Amino acid sequence: MAQEAAELSSLKPQLDELGIPLYAVVKEDVGTEVKNFRPYFQGEVFLDEKRRFYGPRERKLGLLAFLRVGVWMNGVRAFRNGFVGNVLGEGFVLGGVFVIGQRQQGILLEHREIEFGDKVNIEDVLQAV
C-alpha cells in the first residue's frame, strides 16, 4: 500500500497543476497505521470505518492468497524498495485506485486489485486525468 501511495504521490505536482485532488480512503486505523502511511501519501486521507466506499460486496482474498506466487513477488518487491507493511487489522480486503471525473463524467479509470500488491499503472492514471 505504501509503495503504491508513494508512486501516486509522485504525480501530485502534475495533479495540482490540473486542479485535481489526490485522496485515499482507508477502512481502518489500527495503532499508528494511518500515521505511518501519511509520509508516503501526499493527499488527504479519509477513514471509512463503515466501509461504504468499498461497496455492497467487499472483495477479499482469504488465507489461500498467501499461496499465490504473485502475492509473494509483490511483497518481496515492496520490501526491497524499503516499504514494510504491518500484520495488524483485518488485512483481507482488496484495494483499488479510481480516477473520478468531475460532475457527470463518472469513473475515468478503475483499477481493482486482483491480488495483494497488484498496483495501478501510473501511466494509465496520467492518461485518465
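Trainee: Why is I100 called exposed?

Mentor: I100 has a relative accessible area of 54%. Exposed means over 50%, buried means under 20%, and partly exposed covers what lies in between, with a 1.4 Å probe and protein chains only. Since 54% is over 50%, I100 counts as exposed.

Trainee: What should I know about the model itself before we go on?

Mentor: This is a predicted model, where local features need pLDDT of at least 70 and side-chain atom pairs count only at pLDDT 80 or more, while totals for chains, interfaces and linings use all residues. Residues are numbered from 1 along each chain as its sequence is written, and side-chain values use heavy atoms, with hydrogens and water left out.

Trainee: Where is I100 found?

Mentor: I100 is in strand β3, residues 96-100. Helices (H or I, at least four residues) and strands (E, at least two) are DSSP runs numbered from the N terminus. The protein has five helices and four strands, in the order α-α-β-α-β-α-β-β-α from the N terminus.

Trainee: What makes F53, I100 and I107 a nonpolar patch?

Mentor: A patch takes residues with over 30% relative accessible area and no salt bridge; nonpolar side chains (Val, Leu, Ile, Met, Phe, Trp, Tyr) are joined within 5 Å, like charges within 9 Å. I100, at 54%, is over that 30% limit. F53, I100 and I107 together have about 320 Å² of accessible area, computed by the Shrake-Rupley method with a 1.4 Å probe, where for residues only the protein chains shown count as cover.

Trainee: Why does R103 count as exposed?

Mentor: Its relative accessibility is 74%, over the 50% limit, so R103 is exposed. R103 lies in the loop between β3 and β4 (107-112), and it has a positive phi of about 50 degrees although it is not a glycine.

Trainee: What makes a set of residues a nonpolar core?

Mentor: The members are buried Ala, Val, Leu, Ile, Met, Phe, Trp, Tyr and Cys residues joined through side-chain atoms within 4.5 Å. The largest one here has 18 residues, and L8, F37, F41, V45, L109, V120 and V125 touch the most other members. At least two residues each come from α1 (2-9), β1 (23-26), α3 (33-37), β3 and α5 (122-128). Helix α5 gives the most, with three residues.

Trainee: How do you know that F37 and F41 are buried?

Mentor: F37 has 7% relative accessibility and F41 has 5%. Each value is under 20%, so F37 and F41 are buried. Over the protein, buried residues make up 33% of the 129 residues.

Trainee: Which residues does L109 touch?

Mentor: Leaving out residues up to four places away in sequence, L109 touches V97, F98, V99, V120, D124, V125 and A128. Contact means heavy atoms within 4.5 Å.

Trainee: There are two aromatic pairs in the structure. Why is the pair of Y23 and F46 called edge-to-face?

Mentor: Rings of Phe, Tyr and Trp (its six-membered ring) pair if their centres lie within 6.5 Å; planes under 30 degrees apart are stacked, over 60 edge-to-face, and the rest tilted. The centres of Y23 and F46 are 5.3 Å apart and the planes stand at 65 degrees, so the pair is edge-to-face. Y23 in strand β1 and F46 in strand β2 (residues 44-47) are 23 residues apart, so this pair links distant parts of the chain.

Trainee: And what makes the pair of F37 and F41 stacked?

Mentor: The centres are 5.6 Å apart, within the 6.5 Å limit, and 15 degrees between the planes is under 30, so F37 and F41 are stacked.

Trainee: How do you know that K12 and D16 form a salt bridge?

Mentor: The term asks for a side-chain nitrogen of Lys or Arg within 4 Å of a carboxyl oxygen of Asp or Glu. K12 and D16 meet at 2.7 Å, N to O, so the pair qualifies. Both lie in helix α2 (residues 12-18), four residues apart, about one turn of the helix. The search finds two salt bridges; R112 and E110 also meet in one, at 2.4 Å, N to O.
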